[in-house]
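Trainee: I have a model open and want to learn how to read it. Can we go through some features one by one?

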Amino acid sequence: MGDMFLTKLLMLPGIIIGLTFHEAAHAFASYKLGDPTPKQQGRLSINPIAHIDVIGFICLLVCGFGWGKPVQINPYYYKHRRRDEFIVAIAGVTLNFIIAIIAGFVTGLVYRSYYLTGSGLMENLFYIFYYTVSINLVLMVFNLLPCPPLDGWGILSQIFNLEKYSWYPNAYKYGSIVLLILVVTNGTSLILTPVLNVLMNFIFGIFI
């Protein structure tokens, strides 16, 4: 029980950073592309309170995947709608990947320090940054699933201009149900686990 509590505690910084910066990236991207909505709703911030969804936070802590509070946008403000919606959709996962790379580099430095000193503090710092890498990769890969309302669906929609098809509204409407079924039946894990293993091995293969 004590080890599990410590593990969850060490995961908290990565969860807070991952969820906060993912949603903030969407907000800043949309704002920079001419949409005042994120600013009006107080989303141009890296204050976790502005971005963390309580249920999504708990799910990430307990179940290994989760979500933040979705950023509302108004694409009618964009000059080039498909291009700009694509940029906004990909902004969150891109920042998650950048954070994972940076945290991977720091993890390597802390690992070397721990190897030399055997310090308990260095060991805890190692796991904090290790979990920061893994959690940000989870957020990136999970959100890239091509299923509404995740970012992967938004990216796919803009690349292939799916909104022009008559079935698009229904696909988006029932996307949450499909995603829920995937989660309940462990379908998401079948997809996430092999991809995450490749990415984790890639990052730690470079830095450790």
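Mentor: Start with Trp67. Trp67 is partly exposed because its relative accessibility is 33%. Buried means under 20% relative accessible area, exposed means over 50%, and partly exposed lies in between (1.4 Å probe, protein chains only). Trp67 sits in the loop between α3 (54–62) and α4. Helices here are DSSP runs of H or I with at least four residues, numbered from the N terminus.

Trainee: Which residue is 14 residues from Trp67 in sequence and 6.9 Å from Trp67 in space?

Mentor: That is Asp53, with the distance taken C-alpha to C-alpha. A word on the model itself. It is predicted, so local features need pLDDT of at least 70 and side-chain atom pairs count only at pLDDT 80 or more, while totals for chains, interfaces and linings use all residues. Residues are numbered from 1 along each chain as its sequence is written, and side-chain values use heavy atoms, with hydrogens and water left out.

Trainee: How do I read a salt bridge? How many salt bridges are there?

Mentor: Side chains of opposite charge can pair when their charged atoms come close. The rule asks for a side-chain nitrogen of Lys or Arg within 4 Å of a carboxyl oxygen of Asp or Glu. The count by this rule is 2. Arg81 pairs with Glu85, with 2.7 Å between the closest N and O atoms. Both belong to helix α4 (residues 81–117) and are 4 residues apart, about one turn of the helix. Arg83 pairs with Asp84 at 2.8 Å, N to O.

Trainee: Is Asp84 buried or exposed?

Mentor: Asp84 is buried, because its relative accessibility is 1%. Arg81 has 32%, so Arg81 is partly exposed.

Trainee: What describes two packed helices?

Mentor: Two things do: the angle between their axes and the distance between the axes. Take helix α5 (residues 120–143) and α9: their axes come within 10 Å and cross at roughly 135°. Therefore α5 is oblique to α9. Axes are lines fitted to C-alpha atoms, for helices over the stretch in contact, and angles run from 0 to 180 degrees between N-to-C directions. Under 35 degrees is roughly parallel, over 145 roughly antiparallel, 65 to 115 roughly perpendicular, and the rest oblique.

Trainee: Which residues of helix α6 (residues 151–160) are buried?

Mentor: They are Asp151, Gly152, Trp153, Ile155, Ser157 and Gln158.

Conventions. Helices (H or I, at least four residues) and strands (E, at least two) are DSSP runs, numbered from the N terminus.
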